[in-house]
Amino acid sequence: MTTPRPETLAKLTPVLTKRWLSPDAWRIGTYEKLDGYAALRKALKAHPDDLIQLIKDSGLRGRGGAGFPTGLKWGFIPQGDGKPHYLVVNADEGEPGTCKDLPLMTHDPHALIEGVIIASYAIRANRAYIYIRGEAVHAARRLRNAVAEAQAKGYLGRNIMGTGFDLELVVHSGAGAYICGEETALLDSLEGFRGQPRLRPPFPATHGLYASPTVVNNVGTIASVPYIVLGGADWWKTMGTEKSSGPMIYSLSGRIANPGQYECSMGVTLRELIELAGGMQPGHELKFWTPGGSSTPLLTAEHLDVPLDFEGVAAAGSILGTTATQIFSDQDCPVYATYRWLEFYHHESCGKCTPCREGNYWMVRVYRRILAGQGTHEDLDTLLDTCDNILGRSFCGLGDGATSPVTSSLKYFKRDYLDYIEGRTAPKLSDKQLVGAH
Ligand SMILES: Cc1cc2nc3c(=O)[nH]c(=O)nc-3n(C[C@H](O)[C@H](O)[C@H](O)COP(=O)(O)O)c2cc1C
Ligand code: SF4
């Protein structure tokens with residue numbers, strides 16, 4: 001393991017993660033001692049429109065993957081329409097490799113709750129939901145306890161802190177489907193239906209939960225709000241880059257010495273993150289990596305110095321996504337990794353549209369054939385052709401995302417595919433695992 005140099009250590013900007021290591025960080029007493037609920041006091045004295053403007057000025061962009069400007073999203077909620085408004089926090093966190101929202105909710109649930117109250121006040125919502133992934137039992141328990149603590153202290157419920165503002169916050173556990181992270185499928189699931197994406201338009205801003213104006217935001221987005229309210233938009237913009245402001249929690253996994261969450265200004269590079277994580281594991285050399293989960297095209301060792309912000313990663317041909325950097329070495333096989341991801345997409349496809357439902361089914365079978373040493377050169381064309389028929393033709397982003405590892409691994413690592421097809425690499429799958437592949 002290597003020790004990071006002081007100049008690299010200085011890249012760490014603990015903001016959302018700053019309380020995580022405090023003893024009992026999840027209790028309201030600790031939270032209040034460490035600035036907790038001070039932003040709420042400040043926010044409730046401001047006009048809701050001024051809060052929306054503050055978030056616009058900060059340049060905060062959604063942390064759920066698409067990077068949509070948060071203030072703009074809040075501003076889309078029609079005011080004075082006489083309808084109930086809702087805030088829904090997307091805590092589904094299902095993107096492979098992503099691990100930033102769960103630790104945040106486990107270690108610092110009050111930061112999210114404080115953000116929920118401020119955001120609800122800004123968009124004039126009196127009911128908010130946190131939709132949490134079904135398997136995240138521990139985090140859901142922490143959140144529910146924290147909601148009860150906040151309620152007992154008068155931060156939630158009726159007439160919050162004597163301001164006349166009411167807010168009910170419900171923590172809702174899903175059943176553990178990746179598609180329920182897609183915001184419209186999430187809303188269907190929350191309403192009690194099977195989680196499948198809705199046709200857009202109309203968008204959730206006007207026809208969201210129960211056909212009412214709704215903001216859906218990621219955990220990290222909402223948890224950023226109290227810091228912006230306390231520190232101001234200019235302070236927030238001292239971190240990050242011009243169009244990607246603020247700090248970001250990068251989750252590092254794979255062949256590095258110290259996997260975990262590293263919060264840095266946006267625009268940090270993978271070279272710096274690997275140094276922060278103590279370097280690669282001994283004997284391993286970087287071969288490929290995902291900048292933001294498996295739905296984002298793979299990058300390689302050529303891209304070690306790409307700034308990890310929305311623009312920098314896009315310019316390198318990928319997507320910042322959820323900043324889940326999964327790091328693979330020369331001892332890992334990009335063909336096998338892609339196959340495993342495709343198994344996931346195939347399993348999680350909700351089946352609503354043909355390109356994703358059938359395309360992923362067929363691609364899994366082609367991969368099994370290749371990995372069993374029975375692939376052909378035509379199989380590679382079939383894969384690209386299938387991706388062509390999924391990308392841009394699927395009903396939601398799950399289908400598009402599934403093509404990312406396929407097309408990018410074929411772009412950078414065609415040789416590894418040919419090694420299976422031409423017999424230079426020993427088959428990884430047995431004939432038994434081929435069942436149903438032909
Ligand atoms: C298949 C799929 C899964 C998604 N999963 C999540 C998720 O787990 N968490 C999340 O915040 N956003 C997820 N998203 C993105 C959401 O649809 C939505 O853009 C996001 O919650 C908006 O919040 P933000 O503006 O704060 O980023 C997913 C999108 C797709 C297409
Ligand atoms: S792309 Fe996949 S997950 Fe999305 S609607 Fe179509 S079948 Fe369902």
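## Basis of the report

In this predicted model, local features need pLDDT of at least 70 and side-chain atom pairs count only at pLDDT 80 or more, whereas totals for chains, interfaces and linings use all residues. Residues are numbered from 1 along each chain as its sequence is written, chains are lettered from A and ligands numbered from 1 in the order in which they are written, and side-chain values use heavy atoms, with hydrogens and water left out.

## The open sheet

Helices (H or I, at least four residues) and strands (E, at least two) are DSSP runs numbered from the N terminus. Two strands pair if DSSP finds at least two bridges between them. An open sheet with mixed pairing is formed by 5 strands in the order 6-5-9-7-8. Strand 6 (260-265) and strand 8 stand at its edges with a single partner strand each, so one side of each is left without a neighbour in the sheet. Strand 5 (residues 247-254) pairs with strand 6 in the antiparallel sense over 6 bridges, and Pro247 has Ser265 in strand 6 as its bridge partner.

Strand 7 (286-290) runs antiparallel to strand 9 (324-329), and 4 bridges join the two. Here Thr290 stands opposite Gln326 in strand 9. Strand 7 also pairs with strand 8 (residues 299-300), again in the antiparallel sense, over 2 bridges; Trp289 has Leu299 in strand 8 as its bridge partner. A residue is buried under 20% relative accessible area, exposed over 50%, and partly exposed in between (1.4 Å probe, protein chains only). Because 4 of its 5 residues are buried, strand 7 is largely enclosed by the rest of the structure.

## Helix 15

Helix 15 (residues 334-348) has 15 residues. From first C-alpha to last it reaches 21 Å, close to the 21 Å expected at 1.5 Å a residue; the expected span is 1.5 Å times one less than the number of residues. Its buried residues include Pro334, Tyr339, Trp341 and Glu348. The buried residues of helix 15 pack (contact means heavy atoms within 4.5 Å) against strand 7, strand 9, helix 16 (354-371) and helix 18 (397-421).

## Surroundings of the ligands

A residue is near a molecule if one of its heavy atoms lies within 4 Å of it. Of the 18 residues around ligand 1, Gly64, Lys73, Glu93, Asn218 and Thr221 come nearest. A polar contact is a pair of N or O atoms within 3.5 Å; within protein, one must be able to donate a hydrogen and the other to accept it, and residues adjacent in sequence count only if both atoms are side-chain atoms. An oxygen atom of ligand 1 lies 2.9 Å from an N or O atom in the side chain of Lys73. For Glu93, a polar backbone atom is 2.8 Å from an oxygen atom of the ligand, and for Thr221 a polar side-chain atom is 2.7 Å from one.

Around ligand 2 there are 13 residues, of which Cys350, Lys352, Cys353, Cys356 and Cys396 come nearest.

## Two loop residues

Glu182 lies in the loop between strand 3 (168-173) and helix 9 (183-190) and, at 15% relative accessibility, counts as buried. Its side chain has a polar atom 2.9 Å from the backbone nitrogen of Ala185 and forms a polar contact of 3.4 Å with the side chain of Arg200.

Gly392 lies in the loop between helix 17 (377-390) and helix 18. Gly392 is exposed, with a relative accessible area of 66%.
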